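Here is a friendly walk through one protein model, meant to be read with the structure open beside you. We begin with aromatic rings and then move on to strands and helices.

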Amino acid sequence: MKKYEYLALFVSIEDNKSFRRILSNNSYIFSKIFENFEKIFILDVCYFRASSKKNNLNTGILKEFFPNKNIDFLSIKNFLSLSKFLKNKKIVAFNFFGTSYKEIISNIFFRFFDIKFIQIINSGSVQYGLYPVSNNKIKGILSYYKKNLSHKLTVLLSNIGMIHKIDIRFISNSDYFKYKRHSIFNIIFNFLNLSYVKSLIKINSRAHDIFLETKMEINDSLISVLDEQLNEPQWLRFRKKIEDNEIEAHYKKLNSYLKKLSSILNKKVIICIHPNDDLEYKKKIFRDFEVAKYVTREKIYSSFLIVFFESSAIIDAILLNKNITTIQSSILDQNQVACSMHYAKELSIPISNIDTIDKINIDMNYLTENKIIKPPSELKRDYNRYIEKYICADQKGLLGLDKVIEIIKNKYRLD
């Protein structure tokens with residue numbers, strides 16, 4: 001293998017809000033990369049698309065997350081400037097963008113340059129395909145097929161040489177490897193080298209690495225709530241917006257339930273919201289509780305019980321053997337319900353239906369009898385299989401990102 005000169009992060013940044021979200025979600029991965037390689041740049045691929053829109057990104061956001069790192073950030077708006085930059089460079093690039101129709105244009109352009117793409121999928125959670133829901137079938141069906149067909153087109157173009165294939169994909173989901181071995185379609189697909197990914201390598205998850213490296217304090221002083229964005233764009237691709245009066249009724253019931261939990265367990269409740277969520281809006285909804293952003297992991301480490309809807313952040317709670325309950329409500333659509341039910345089934349965690357909560361006499365006996373609170377031995381038993389499948393699927397004690405970095409340095413001769 002020839003020596004490559006540069007390591008890059010190729011990301012798709014719509015605006016400053018998405019810029020902050022990308023850096024927040026990937027801060028641990030990015031930090032490890034910046035610590036281990038000298039020549040690094042971040043390339044925003046969003047506006048290499050067929051669009052005249054300008055994003056006017058605030059590069060100061062990068063300094064907020066990585067104040068002492070020397071990182072070149074490039075947001076080039078046209079193909080000519082990009083061509084001049086990439087010309088004669090040998091680049092290994094982490095691919096942090098997708099396979100939408102607009103991104104296919106960027107991918108076709110990148111094919112003319114010496115770039116080896118790699119991906120890291122190590123959240124420890126399971127990714128789901130979303131489906132049309134009843135209140136807007138046409139919108140849901142169009143969105144579903146638009147996304148899936150663009151991915152299939154990307155795979156096709158990679159097999160006729162118009163798009164670079166992913167050279168290595170590092171993944172922490174051991175079930176994915178089992179599926180690749182046992183599906184007849186995938187066996188044939190891989191035998192003929194038709195996959196979009198040339199090589200799959202198993203690693204331990206990001207949550208596993210952070211647990212081993214950061215040594216955050218673990219205690220049981222809080223009840224953390226991982227709140228849902230009910231009208232988040234991910235869901236609105238498939239259905240209409242939920243009306244304000246329905247949202248108000250939903251949160252009235254949720255607040256009532258949380259107050260009861262706080263009183264019974266004698267613990268403070270903290271509401272943890274997604275980086276994209278509106279902090280001031282959620283403070284108004286949860287007037288009796290503290291609402292926080294960007295500290296979800298820290299709060300989970302300090303929690304006795306985690307109440308959640310659907311969030312990959314729950315992986316930390318599983319790894320730490322914390323009590324967990326998932327919320328069900330009539331306001332949720334079938335995609336939101338299906339995502340949370342995955343954890344309920346896989347982990348034997350209880351469901352708290354807040355629609356009926358006022359009709360129930362909730363006390364400590366209720367919490368233990370309904371498994372909302374379990375003894376440590378039972379939690380460990382229920383979570384162990386999930387941890388081995390999705391969180392710590394590789395050699396125990398081996399940092400997943402250390403393995404990634406070692407392979408990149410050896411295979412591409414990067415330093």
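## Rings, strands and helices

In this predicted model, there are 22 aromatic pairs. Take Phe109 and Phe110: their ring centres lie 6.4 Å apart with the planes at 65 degrees, and since planes over 60 degrees apart count as edge-to-face, so does this pair. Phe109 and Phe110 are both buried. They also belong to one aromatic cluster, together with Phe10, Phe79, Phe97, Phe113 and Phe117.

| Lysine | Ring | Distance to ring centre |
|---|---|---|
| Lys89 | Phe85 | 4.4 Å |
| Lys267 | Phe304 | 5.1 Å |

Now for the strands. In which order do the seven strands of the open sheet lie? The order is β3-β2-β1-β4-β5-β6-β7, with parallel pairing. At the edges are β3 (72–74) and β7 (200–202), each of which pairs on one side only. On average, neighbouring strands of this sheet are turned by 25 degrees against each other, direction ignored.

Within this sheet, β1 (residues 6–11) and β2 (residues 40–44) run parallel and are joined by five bridges. Phe10, a member of the aromatic cluster, stands opposite Leu43 in β2. Helix α2 (residues 27–36) packs on the sheet, where it touches β1, β2, β4 (90–96) and β5 (114–121). The direction of α2 makes about 160 degrees with that of β1.

Another strand to look at is β11 (residues 303–308). Five of its six residues are buried, so β11 is largely enclosed by the rest of the structure. With β8 (residues 222–226), β11 pairs in the parallel sense over five bridges, and Val225 stands opposite Val307 in β11. Four bridges join β11 to β12 (residues 323–328), again in parallel; here Leu305 stands opposite Asn323 in β12.

Finally, turn to a pair of helices. The axes of α15 (residues 334–347) and α17 (residues 376–391) come within 8 Å and cross at roughly 115 degrees. Which residues of α15 meet α17? They are His342, Tyr343, Glu346 and Leu347, and their partners in α17 are Asp382, Tyr383, Arg385, Tyr386, Lys389 and Tyr390. By class, this contact of α15 with α17 has five nonpolar, one polar and four charged residues.

Note on methods. Residues are numbered from 1 along each chain as its sequence is written. This is a predicted model: local features need pLDDT of at least 70, side-chain atom pairs count only at pLDDT 80 or more; totals for chains, interfaces and linings use all residues. Side-chain values use heavy atoms; hydrogens and water are left out. Two strands pair if DSSP finds at least two bridges between them. Helices (H or I, at least four residues) and strands (E, at least two) are DSSP runs, numbered from the N terminus. Axes are lines fitted to C-alpha atoms, for helices over the stretch in contact, and angles run from 0 to 180 degrees between N-to-C directions. Contact means heavy atoms within 4.5 Å. Ala, Val, Leu, Ile, Met, Phe, Trp, Tyr, Cys and Pro count as nonpolar, Asp, Glu, Lys and Arg as charged, and the others, Gly among them, as polar. Rings of Phe, Tyr and Trp (its six-membered ring) pair if their centres lie within 6.5 Å; planes under 30 degrees apart count as stacked, over 60 as edge-to-face and the rest as tilted. Buried means under 20% relative accessible area, exposed over 50%, partly exposed in between (1.4 Å probe, protein chains only). A charge sits over a ring if NZ of Lys or CZ of Arg is within 6 Å of the ring centre and within 35 degrees of the ring normal.
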